Every structure is written in structure tokens, then in C-alpha cells.
Amino acid sequence: MKNCLSVIACIALSVGLMGCSKGENGGKSNQEESKIVRTTIKDAKYLYGVGTGLRSSGPDGGFFSVDKNGKVEPIRFITEEGDTVDMAINNIFEINDKYIMMHVNSETPGINSMLADKSSGAIFSLPVKISYNYEFHSFTDKDGNIYVKSQNMIYKISTGDMTIEEYIAKNQSFNDFVVNIDGIAYYTEGFDTGNTDKFQTPKGKTYLLSVLIPDIDEWGYGVFIGSDGDFYVYNQKDLELSIYKIEYASVSNTLFASIVTKSNFDIGYLWDINFVFNHERKTHVISNGDFSLEFNEDLKTIKQLSINLPRTEVGNYYATSDALYIKDKGTETTIQSFVKLNISDNSIRCVDLTNKGYEAYVVTSSIKNPEISFNGLRFSDSKNIIGQIDNNGNITAFENIHLSSQVMSLIRMN
């Protein structure tokens with residue numbers, strides 16, 4: 001059953017009305033109901049959050065927007081009467097080029113998660129609480145519909161009519177999921193679970209991965225998306241690396257796996273690394289830290305590269321319009337250097353942040369821009385900064401952004 005998304009009914013917000021535009025007595029009291037219709041993000045170049053579980057702004061941090069001129073403002077909310085209100089924000093995540101997801105603390109029951117339109121700031125309340133910790137993922141299909149996770153359910157948000165519905169069978173156990181541009185869902189409990197991983201078609205038919213690929217090796221497989229949006233599965237077994245394509249026949253509502261290529265490469269257990277897409281060459285690279293491979297979809301080949309990349313661990317690589325940055329040195333929570341892979345010719349160079357006087361904590365990138373943005377520590381004055389690394393490895397810090405502590409989230413809006 002589909003449920004409608006709506007503007008948020010706000011009752012007795014934690015801070016109440018701020019800077020009312022209707023005069024001293026013209027606005028509603030903060031015990032009266034008021035409809036929130038948008039948030040103050042439409043002119044932002046960056047969004048960032050400092051601290052956890054804070055109001056949209058507070059003495060210890062909060063969530064802020066930065067416009068193209070570098071002006072920093074707390075993120076707040078606008079009612080249908082034009083009043084500005086403050087509401088506790090837990091976290092903000094990017095969904096796609098059009099939307100972000102905001103997770104808030106509201107005194108109105110059921111108001112926890114909302115979509116916000118980047119260009120207009122318009123917001124829509126979700127009737128379910130979306131997972132917003134490290135488990136958060138979202139995917140967008142070719143029609144602009146959004147897929148998100150809440151506990152043991154994948155939800156489909158139809159952005160055409162702003163409705164939400166359950167997308168997979170109830171009571172499934174999974175930790176991670178992917179939905180491709182055709183609306184085919186894949187969900188898994190994690191590594192060593194090949195016999196329980198599932199695919200579901202857009203029309204609701206479910207397949208076990210172990211049925212589609214009977215010889216799947218539970219310690220040596222992974223799933224990734226190709227340049228055309230189709231699913232691929234790699235399977236390392238008996239010193240042989242095989243790649244399969246998961247194909248969908250829409251008329252019969254059938255999924256089947258076809259072998260694409262096999263090779264004699266043995267890159268060991270793969271549960272923590274994956275293929276990374278090179279959108280310039282339309283190839284995929286993977287590295288176990290000892291040697292690197294490239295899979296070419298069009299040629300249906302796997303070859304070893306002459307370069308040595310760091311391990312392509314999930315979450316440790318960042319794609320721009322010109323390059324792929326892979327974490328090289330650092331700790332579990334810091335990045336001290338990257339290996340930069342030029343996606344046009346597979347040449348590499350080191351981007352050493354520590355030699356330039358920085359270390360990074362949070363990194364964001366986009367294939368629409370050549371730069372990567374980060375929050376980190378500047379050694380020269382021990383300040384937390386938000387900065388940008390250009391295509392030549394030069395670092396620019398935004399001096400007008402004053403941070404009291406490490407950033408918990410950073411989003412580049414354009």
C-alpha cells in the first residue's frame with residue numbers, strides 16, 4: 001500500500017518560532033500547530049554538521065549551510081506563514097542531484113525523516129523512520145524514484161506523486177542493499193552469506209543468488225553495478241576469477257545469470273574490497289593491495305594493471321570528474337594520503353596531505369566536479385577546517401568557516 005508524503009505538521013518545536021516575520025503578535029505561538037514547508041538550503045554550496053543530536057544550531061555546533069560567497073548560516077525551517085523555526089537535526093545525507101535526506105528530532109509523533117529539495121528547499125515528511133547511521137544508503141532508478149532502508153525493509157519513494165511503499169517481502173534479514181536503475185533490488189546480510197543473498201525484480205519476484213549462480217563462493221564474491229546499470233557478480237573460486245552479468249527479461253519477469261569472462265587471477269578473499277567504476281573508460285578496477293585488475297565490460301576481459309593501487313575497500317574511494325582518489329595511508333578515522341588514479345589513462349600520483357600540513361576526517365566528491373572537499377585538521381594552527389583539493393593537488397581552506405570540532409557530515413550541493 002502506498003502512503004503519501006506530506007509537509008510536516010510541527011507542534012511545540014524544541015526551540016519554537018525564530019525571527020517571526022509577522023510582527024510581535026502576528027505569528028503563531030509555539031504551542032499552536034504550524035506547517036513547515038521548506039528549509040533554508042536552496043542557495044547552499046555546502047552543508048555540514050558539527051556534533052551529534054544537536055539543534056539546527058547551538059553553542060556546541062549544529063548543522064549549517066555555506067553559500068557560493070562563503071556565507072555560513074544555520075539550517076532552519078520555514079512555515080507556510082513565512083515564520084522561521086528551529087528544529088533538532090540528527091543528520092543529513094545526500095540522496096541524489098535533486099534531494100537530500102534530513103533526520104530530525106520533533107515533538108510531533110512520527111516526524112523523524114524528510115526529503116528536502118536542493119533547489120527550492122521544499123520538504124516532505126516520510127511516515128517511516130529511515131535508518132540514518134552508518135547503514136544509510138539510497139539509490140535512484142531511471143524514473144527518479146528513491147530507495148531507502150528502514151530496519152528490515154526497503155522502501156520505494158515515488159517522487160512523481162510523492163508516495164512511499166514497502167518494496168520487498170516482509171521480515172527479511174539484511175544489512176546492506178543496492179537497487180539499480182531498473183528497480184532491481186539486491187540485499188545481503190554481509191560477507192559469507194552467498195546462500196542467503198537475494199535479488200528482487202521490479203514486479204516482485206525473488207531469487208536467491210545461490211540459485212542464479214550455483215557455484216558461488218561465500219568467501220570470494222561481490223556484487224557491483226555496470227555502466228549500463230546492470231548488476232555484475234564476481235566470484236573467486238579455485239584460483240579462478242569469474243564475472244557474471246545478472247540480466248532481466250521484463251516480459252517474463254525473469255532474472256538469469258550469464259558468464260561474461262573468466263581468468264586465472266587469484267586475488268584472495270574479497271569480502272572487504274570491490275570493483276570501482278571508471279566512468280571515463282567505462283571499466284572497473286579492483287585491488288587487493290598487491291596487484292590491481294581492470295574489468296572491461298565492452299571487451300569482456302580482465303587484465304592486470306602495471307600500477308599498484310591501495311586496497312579498493314568499500315567507503316575508501318572517491319570519484320571526481322577526472323580522477324579516482326583511493327585512501328592510501330591513515331587510520332580508521334583519518335586519511336593522511338591518497339593515491340590519485342587519472343581515469344583517462346590509468347596513470348597515478350600520490351596526494352600526500354600530511355606533507356601539505358593536513359589530515360582529513362570526512363571527504364565528499366562528485367563526478368560532476370574535479371575537486372574533492374574534506375573536513376580535517378590543519379597542523380599549522382591546530383584548526384578544524386573545511387577545504388578543497390584541486391586537480392593538481394593544491395589545498396584551499398575556507399577561512400570563514402569556523403569549526404568548534406570535527407565535522408560529522410559534509411555535502412557538496414553543486
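Two strands count as paired if DSSP finds at least two bridges between them, and strands themselves are DSSP runs of E with at least two residues, numbered from the N terminus.

Strand S23 and strand S24 (residues 231-237) pair in the antiparallel sense over 5 bridges. One of these links has Ile 225 with Phe 231 of S24 as its bridge partner. The two strands belong to an open sheet of 4 strands in the order S23-S24-S25-S26, with antiparallel pairing. Strand S23 (221-225) and strand S26 (254-263) stand at the edges with a single partner strand each, so one side of each has no neighbour in the sheet. On average, neighbouring strands of this sheet are turned by 25 degrees against each other, direction ignored; the axes are lines fitted to C-alpha atoms, and angles run from 0 to 180 degrees between N-to-C directions.

Further along this sheet, strand S25 (residues 240-249) runs antiparallel to S26, joined by 9 bridges. Here Glu 247 stands opposite Phe 256 in S26. S25 and S26 form a hairpin with 4 residues between them, and Asn 253 in the turn has a positive phi of about 55 degrees.

A few notes on reading the model: residues are numbered from 1 along each chain as its sequence is written, and side-chain values use heavy atoms, leaving out hydrogens and water. Because the model is predicted, local features need pLDDT of at least 70 and side-chain atom pairs count only at pLDDT 80 or more, while totals for chains, interfaces and linings use all residues.

Another open sheet of 4 strands has the order S11-S12-S13-S14, also with antiparallel pairing. Its edge strands, S11 (88-94) and S14 (123-126), each pair on one side only. Neighbouring strands in this sheet are turned by 25 degrees against each other on average, direction ignored. S12 and strand S13 (residues 113-117) run antiparallel and are joined by 5 bridges, and His 103 has Ser 113 in S13 as its bridge partner.

| Strand pair | Bridges |
|---|---|
| S23 and S24 | 5 bridges |
| S25 and S26 | 9 bridges |
| S12 and S13 | 5 bridges |

Buried means under 20% relative accessible area, with exposed over 50% and partly exposed in between, using a 1.4 Å probe and protein chains only. This core has 26 residues, and those touching the most other members include Ile 95, Met 101 and Leu 115. Among the elements giving two or more residues to the core are strand S12 (99-105) and strand S16 (146-150). The largest share, 4 residues, comes from S17.

Elsewhere, Val 363 is found in strand S35 (residues 358-365). Val 363 is buried, with a relative accessible area of 14%. Val 363 and Ser 409 are 46 residues apart in sequence and 8.8 Å apart in space, C-alpha to C-alpha.

Methods. Core = buried A, V, L, I, M, F, W, Y, C linked by side-chain atoms within 4.5 Å.
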